[in-house]
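Hello,

Here is the structure we talked about. Please have a look at it first, then read my notes below.

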Amino acid sequence: MESIRNILAGKKGLIVGIANENSIAYGCASVLRQLGAECAVTYLNEKAEKYVRPLAEQLQAPLILPLDVEQPGQLENVFAEIEKRWGSLDFIIHSIAYCPADDLHGRVVDCSLAGFQQAMHVSCYSFIEMARLAEPLMKHGGSLITMSYYGADKVVENYNIMGPVKAALESVSRYLANELGSKRIRVHAVSPGPLKTRAASGIAHFDQLIEDAIARAPQNRLVEIEEVGMTCAFLISNAASGLTGQTIYVDGGQHIKA
């Protein structure tokens with residue numbers, strides 16, 4: 001990493017989705033900070049703050065703000081604070097997803113309307129909202145990155161309704177890339193293999209999913225959150241200026257297997 005130590009120097013961005021030190025969002029934020037970026041950090045609620053704030057302070061985050069995308073006005077407040085502090089924005093890491101347990105653990109055909117709407121709101125529509133609010137702040141271009149999963153493209157046992165939700169998210173990233181490309185705003189979905197995060201632990205039979213991923217991946221291992229972070233660093237950097245609208249797999253090659 002020494003040779004690229006300052007590749008993100010001067011870039012300022014928003015990290016959404018840190019819950020603890022095992023979060024994908026934290027792995028991304030840690031790498032981005034090491035490479036010179038400044039990161040504003042959000043936490044879900046008062047209960048989450050006691051876990052997130054110490055991590056944000058380690059990252060020297062100049063802004064540590066509450067954000068529940070289901071609460072009216074909170075997202076707008078985050079961007080207002082960013083505009084007040086920085087006046088501009090270079091990147092966003094969107095790493096949040098949610099589905100009520102009954103709907104997540106049940107068949108897609110049995111998913112409730114309320115559960116589907118909530119999953120789509122938190123996991124997908126919030127990315128659209130962030131893009132809309134970021135657009136005027138990305139005056140010289142920028143990068144919007146969201147987190148997906150292989151279950152968006154292929155049926156993964158027990159991933160259930162989150163498969164269609166992540167498929168919608170990947171499609172949204174492509175449409176946003178098309179709409180914002182003329183403003184040099186690049187949009188990507190990054191698709192890590194299964195990771196032992198708190199959010200993933202809500203998936204039924206998750207241990208079996210982990211074992212299957214290790215067995216199927218050509219590298220025969222799980223990736224690390226820092227590896228996801230390095231991929232995001234590349235996508236945010238000027239080195240990736242010619243890329244947009246892609247789904248980038250960081251899964252040890254699992255997605256290439258039939």
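Where is the place of Tyr159? Tyr159 sits in the loop between β5 and α6. Keep in mind that this is a predicted model.

**The two annotated tyrosines**

An unreviewed UniProt entry lists Tyr149 and Tyr159 under "active site". Such annotations may be inferred rather than shown by experiment. Tyr149 is also placed in the loop between β5 (142-147) and α6 (162-180).

Are they buried or exposed? Tyr149 has 7% relative accessibility, so it counts as buried. Tyr159 is buried too, with a relative accessible area of 7%. The cut-off for buried is under 20%.

Their contacts are worth a look on screen. Leaving aside neighbours within four places in sequence, Tyr149 is in contact with Val156, Tyr159, Glu170, Ser191, Pro192, Gly193, Pro194 and Leu209. Tyr159, with residues up to four places away not counted, touches Leu104, Tyr149, Gly151, Lys166 and Ile203.

Next, the strands. They form an open sheet of 7, in the order β3-β2-β1-β4-β5-β6-β7, with parallel pairing. At the edges are β3 (64-66) and β7 (247-250), and each pairs on one side only. On average, neighbouring strands are turned by 20° against each other, direction ignored.

Now strand by strand. β1 (residues 12-16) is mostly covered, with 4 of its 5 residues buried. Parallel to β1 runs β2 (residues 38-43), joined to it by 4 bridges. Leu14 stands opposite Ala40 in β2. Between these strands the chain passes through helix α1 (residues 24-34), and this β-α-β crossover is right-handed.

β1 also pairs with β4 (residues 91-94), again parallel and over 4 bridges. There, Val16 has His94 as its bridge partner. β4 goes on to pair with β5 in the parallel sense, over 4 bridges.

How many residues of β6 are buried? The count is 8 of its 8 residues. Ile185, Val187, Ala189 and Ser191 point one way from β6. Arg186, His188, Val190 and Pro192 point the other way. In a regular strand the side chains alternate between the two faces of the sheet.

β5 and β6 run parallel and are joined by 6 bridges. Thr146 stands opposite Ala189 in β6. Together, β5, α6 and β6 make a right-handed β-α-β unit. On to β7: it pairs with β6 in the parallel sense over 4 bridges. The bridge partner of Val190 in β7 is Ile248.

**Helix α1**

Last, the helix between β1 and β2. α1 lies across β1, β2, β4, β5 and β6 (185-192), and runs at about 160° to β1. This helix is mostly covered: 9 of its 11 residues are buried. Among them are Ile24, Tyr26, Cys28, Val31 and Leu32. Gly36 follows α1 and has a positive phi, near 105°.

That is what I have so far.

Best wishes

Note on methods: Residues are numbered from 1 along each chain as its sequence is written. This is a predicted model: local features need pLDDT of at least 70, side-chain atom pairs count only at pLDDT 80 or more; totals for chains, interfaces and linings use all residues. Side-chain values use heavy atoms; hydrogens and water are left out. Helices (H or I, at least four residues) and strands (E, at least two) are DSSP runs, numbered from the N terminus. Buried means under 20% relative accessible area, exposed over 50%, partly exposed in between (1.4 Å probe, protein chains only). Contact means heavy atoms within 4.5 Å. Two strands pair if DSSP finds at least two bridges between them. A crossover is right-handed if, with the strands pointing away from the viewer, the path from the first strand over the helix to the second runs clockwise. Axes are lines fitted to C-alpha atoms, for helices over the stretch in contact, and angles run from 0 to 180 degrees between N-to-C directions.
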